[in-house]
Amino acid sequence: MQGDQRSVTVTRHRSGAALQGPIELGRLLASARGYRVIAHHGTPLGALERIRYEREVSRTDEIVVCSRALFRRRRRTFPFAAVAAINVRDNTVVLRADST
């Protein structure tokens, strides 16, 4: 009897991060506090401060990114759909082109 064989295609962002599906992204985000958040073209946006669950406990709704300027702290929120990839090796979260 043959096992269940499924083909999985992994698309890579030019930063080297694999583009994951929404379930995998949600799982990885749960342990990604402090990861650097970058735009799709590599511009740093800050660090992942926390994730928000508002509609359902099992689904991420938004991520909160904190950046620090000279004497101030800025927080920005992005919808979960803005997350393109999480690179665990480099501790980075990559956002989609249309989200920044």
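Is Arg50 buried, partly exposed or exposed? Select Arg50 and you will find that it is partly exposed, with a relative accessible area of 38%, where buried means under 20% relative accessible area, exposed means over 50%, and partly exposed lies in between, using a 1.4 Å probe and protein chains only.

Before going on, keep in mind that this is a predicted model, in which local features need pLDDT of at least 70 and side-chain atom pairs count only at pLDDT 80 or more, while totals for chains, interfaces and linings use all residues. Residues are numbered from 1 along each chain as its sequence is written, and side-chain values use heavy atoms, with hydrogens and water left out.

**The whole chain**

Show the chain as a cartoon, and look for 1 helix and 8 strands, which follow the order β-β-α-β-β-β-β-β-β from the N terminus on; here helices (H or I, at least four residues) and strands (E, at least two) are DSSP runs, numbered from the N terminus. Of the 100 residues in the chain, 34% are buried. Among contacts with a separation of 6 or more, 39% are between residues 24 or more positions apart, a contact being heavy atoms within 4.5 Å.

Side chains of opposite charge can pair when their charged atoms come close. A search of the whole structure finds 3 salt bridges, each being a side-chain nitrogen of Lys or Arg within 4 Å of a carboxyl oxygen of Asp or Glu.

Select Glu49 together with Arg50, and you will see a salt bridge whose closest N and O atoms are 2.7 Å apart. Glu49 is buried, at a relative accessible area of 15%.

Arg75 is partly exposed, with a relative accessible area of 46%. With Glu49, Arg50 and Arg75 all selected, you are looking at a network of linked salt bridges.

**Arg52 and Glu62**

Finally, select Arg52 and Glu62, which form a salt bridge with their closest N and O atoms 3.0 Å apart. This pair links distant parts of the chain, since Arg52 is in strand β4 and Glu62 in strand β5 (residues 62-68), 10 residues apart. Arg52 counts as partly exposed at 26% relative accessibility, and Glu62 counts as partly exposed at 23%.
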